[in-house]
Amino acid sequence: MDTNTLPRKPVQRTFRIATMDCPVEEREIRQALESVPGIQSLRFQLAARTLGVTAPDDALRQALEAIRAAGFDPKPVSALAAVQVVAAAPQAQAGNACCSGHDHCGDDKAAEHQHAHAHPASAGDLHEHAHEPSGASGLTRLIAALVMALVAESIHYFAPETMLFEGLSLATAALAIALSGLDTYTKGLAALRRGKLNINALMTVAVTGAFLIGQWPEAAMVMALYAIAELIEARSVDRARNAIQGLLDLAPAQARVAQPDGSWADVPAADVPLQALVRVCPGERLPLDGVVTEGRSSVDQAPVTGESLPVDKAPGDQVFAGTVNQAGELTFRVTAQAQDTTLARIIHAVEQAQGSRAPTQRFVDQFANIYTPAVFVIALAVAALGPWVAGWTVLQAIYKALVLLVIACPCALVISTPVTVVSALANAARRGVLIKGGVHLENARHIRVVALDKTGTITEGKPSLVEWAAWNGEATQAADAGLAATAHALASRSDHPVSQAVARGLSEGKTSGGVPVVSELQALLGKGFSALVDGQCHLLGNHRLMHEQGHCSPALEAELARHEQAGRTVTLLSGPDGVKAIFAVADAIKGSSSQAVAELQAMGIRTVMLSGDNQATAEVVARQAGIAEAKGALLPQDKLDALQALRASHGPVAMVGDGINDAPALAQADLGIAMGGAGTDTAMEAADMVIMNDDLRRIPAAIALSRKTWVVLWQNISLALGIKAVFLVMALAGSATMWMAVFADMGASLLVVANGLRLLRARG
């Protein structure tokens with residue numbers, strides 16, 4: 001068989017494009033790749049300036065050629081990442097040299113600033129910009145260009161109008177343009193060849209036109225100011241990017257790992273396997289996630305969960321990469337490799353979130369597509385019709401048209417939204433709230449109802465068995481070892497907090513009754529589960545399950561009501577002959593729940609409890625939390641129906657939960673919010689927002705941040721368009737020059753960037 005006839009297998013490659021950092025450039029690259037067959041997917045990460053391409057090798061080669069033809073220079077990320085890691089290695093090694101032994105816990109601060117297991121997309125970020133010269137030599141070149149432009153302007157204004165001085169002014173202006181604008185010219189000409197009106201094309205036409213009509217000093221000043229403005233803007237925008245990049249630096253590159261011979265050695269964190277033992281000294285950051293096996297300490301978890309106070313840690317407690325061990329030495333067993341730690345997942349999710357554009361951002365992109373060509377057409381009309389309609393000279397009309405071309409630059413407009421959104425996402429991440437995209441960030445402001453699950457959301461999620469009794473038509477307080485062993489064997493098979501509480505409470509009695517044989521266990525979603533115990537069918541579940549099985553009697557209902565009215569959750573064990581035992585579990589509400597509910601209600605947001613627990617218990621807990629409406633005994637489908645009813649009567653609904661049972665509702669809600677500490681992976685995957693420390697007060701803070709973000713977005717849009725409109729009128733009136741238009745564009749860009757960056761420090 002001719003292998004050349006076989007379909008080529010697609011490969012995934014990531015490239016860094018230093019000149020791609022705003023939606024305009026993303027759109028240009030997308031358009032350049034439209035004609036390339038075989039591309040399966042494109043993944044743009046503007047903050048990291050990377051593009052992921054999935055395509056067969058031949059299509060990939062064509063794609064790279066199309067990108068280069070569009071004026072961009074894609075570089076493989078792996079090569080850049082390798083350069084950066086090698087450059088950082090000596091510093092990382094030096095930082096770890098002072099604490100390599102098992103009884104030496106010295107000051108290991110330098111290692112905290114390295115992160116060898118960074119995501120490839122971010123590891124290659126060398127902080128370049130579309131129009132930013134690299135290094136001090138680039139800045140020097142721009143300053144020299146500005147000086148040359150000022151010299152050309154001075155000669156034009158003050159020197160005699162002789163051939164010598166005219167030639168000197170021309171030469172000086174040409175030198176200034178060459179020093180500052182070659183990159184712009186290259187990309188501008190490439191865009192014009194493709195019929196694209198981007199900022200580089202506009203500047204190329206405007207500067208060339210000014211030069212040809214004899215306004216070469218002004219052409220030089222425009223190009224120099226434009227290049228410097230882009231440099232200043234790049235530095236400002238990098239502050240938003242660095243807020244995300246800074247998360248990468250939280251986890252140290254090295255980990256102190258136990259060796260087979262009992263010694264301890266520093267190992268790259270990226271190479272540490274699961275279940276390895278890692279030791280951290282006081283004052284050090286944790287390199288990986290794990291469970292404490294030895295030692296006691298307090299750990300500052302603010303970088304990951306946003307908690308303001310350190311959390312005490314003891315054997316059995318979970319710890320996170322990037323957090324700071326404060327008091328004592330800790331040894332922990334690794335539960336997640338470097339690329340899978342909670343911190344790494346947060347960083348990855350925030351990076352992915354930047355690719356999910358908010359509705360306002362999409363509107364701005366669409367508006368810019370219309371705005372730039374429209375102003376370009378107006379400029380052509382001014383140049384062609386100005387002498388006939390307004391009585392201008394031909395040169396005056398052309399000059400005004402060139403001023404309009406500079407005003408047509410959409411940079412301030414298109415950069416206003418991504419900087420604002422990235423700043424807000426970074427702010428939320430640093431405070432322990434992971435928002436999975438700009439669309440969810442913006443949607444949060446629309447929420448009118450917040451529906452909350454009970455266990456693990458409003459309550460601590462750490463219930464305990466407070467009372468249990470055998471049942472034989474009435475409660476029998478005498479211990480029954482056989483029932484305890486059977487109930488424990490079933491409850492220990494479930495990860496539900498209530499079942500786990502029953503299992504813990506019965507742990508002492510399970511051995512005296514023997515170990516039953518459990519088989520054919522089957523989950524009954526929202527009710528409990530069934531299994532064969534020593535060959536006989538048993539059920540362990542809630543009141544609803546027993547009612548459906550016909551096991552409830554008036555006496556049993558009365559006993560259940562007693563527990564439920566006390567706010568207890570009841571689990572029942574039944575066999576072939578009916579209910580055998582009753583287990584009452586209590587779970588305290590979180591200290592923050594009532595405050596969070598009060599804050600939501602103060603914001604005009606209605607709160608409702610949707611629980612799978614019985615109605616009486618749900619109402620008791622809801623009252624304690626300050627929630628006026630509670631719906632209990634809900635199956636997953638019932639929660640979906642309740643969400644739809646709330647949406648129909650009140651508007652957009654957010655669902656807050658932590659369990660597998662909540663996943664369908666989290667996915668269907670207008671905003672799904674998962675509890676990240678106690679929550680299941682299923683719930684967190686289904687959610688749009690994750691509260692890393694399970695503090696419900698983060699929800700009103702996130703909604704307040706969403707509202708503030710929306711205000712800043714429209715402030716930026718108004719600033720960008722307002723300044724453009726003023727200079728558009730001034731240009732037509734003859735009061736604006738080209739360099740004034742550049743100043744206006746630069747000023748608008750800096751204003752919107754600075755305004756967006758305010759969200760990095762905004763408090764909800």
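Helix axes here are lines fitted to C-alpha atoms over the stretch in contact, and angles run from 0 to 180 degrees between N-to-C directions. Helices (H or I, at least four residues) and strands (E, at least two) are DSSP runs, numbered from the N terminus. The structure is a predicted model, in which local features need pLDDT of at least 70 and side-chain atom pairs count only at pLDDT 80 or more, while totals for chains, interfaces and linings use all residues. Residues are numbered from 1 along each chain as its sequence is written, and side-chain values use heavy atoms, with hydrogens and water left out.

## A helix pair

Helix α25 covers residues 698-733 and helix α26 covers residues 738-757. The two pack at an angle of about 170 degrees, and their axes lie 9 Å apart. Angles under 35 degrees count as roughly parallel, over 145 as roughly antiparallel, 65 to 115 as roughly perpendicular and the rest as oblique. α25 and α26 are therefore roughly antiparallel to each other.

Which residues of α25 meet α26? They are V712, Q715, N716, L719, A720, I723, K724, F727 and M730. Contact means heavy atoms within 4.5 Å.

## The whole protein

The protein has 26 helices and 27 strands. Of its 764 residues, 54% count as buried. Buried means under 20% relative accessible area, exposed means over 50%, and partly exposed lies in between (1.4 Å probe, protein chains only). The protein exposes about 31600 Å², of which carbon and sulfur atoms supply 58%. These areas come from the Shrake-Rupley method with a 1.4 Å probe, and for residues only the protein chains shown count as cover. Among contacts with a separation of 6 or more, residues 24 or more positions apart account for 69%.

## Strand pairs

Two strands pair if DSSP finds at least two bridges between them. The table lists some of the pairs.

| Strands | Direction | Bridges |
|---|---|---|
| β1 (residues 11-17) and β3 (residues 50-55) | antiparallel | six |
| β1 and β4 (residues 74-76) | antiparallel | three |
| β5 (residues 254-258) and β6 (residues 264-268) | antiparallel | five |
| β9 (residues 297-300) and β12 | antiparallel | two |
| β26 (residues 671-675) and β27 (residues 689-691) | parallel | three |

β5 and β6 form a hairpin with five residues between them. In the turn, G262 has a positive phi of about 95 degrees. Q254 stands opposite P268 in β6.

An open sheet of three strands has the order β10-β9-β12, with antiparallel pairing. Its edge strands, each pairing on one side only, are β10 (311-313) and β12 (324-325). D300 stands opposite V324 in β12.

A further open sheet has seven strands in the order β14-β27-β26-β25-β15-β23-β24, and its pairing is mixed. β14 (433-435) and β24 (629-631) are the edge strands, and each pairs on one side only. From one strand to the next, the twist averages 20 degrees. In β27, M689 is the bridge partner of I673.

## I17 in strand β1

Strand β1 has partners in β3 and in β4. T14 stands opposite G52 in β3, and I17 stands opposite P74 in β4. I17 and P74 are 57 residues apart along the chain, but their C-alpha atoms are separated by 4.7 Å.

Is I17 buried or exposed? I17 has a relative accessible area of 0%, so it is buried. Leaving aside residues up to four places away in sequence, I17 touches I29, R49, L51, I67, F72, D73 and P74.

E520 is found in strand β18 (residues 518-524). Its phi is near 50 degrees, a positive value in a residue other than glycine. E520 counts as exposed because its relative accessibility is 64%.

A633 lies in the loop between β24 and α22 (636-650). The phi of A633 is near 55 degrees, again positive in a residue other than glycine. With a relative accessible area of 31%, A633 is partly exposed.
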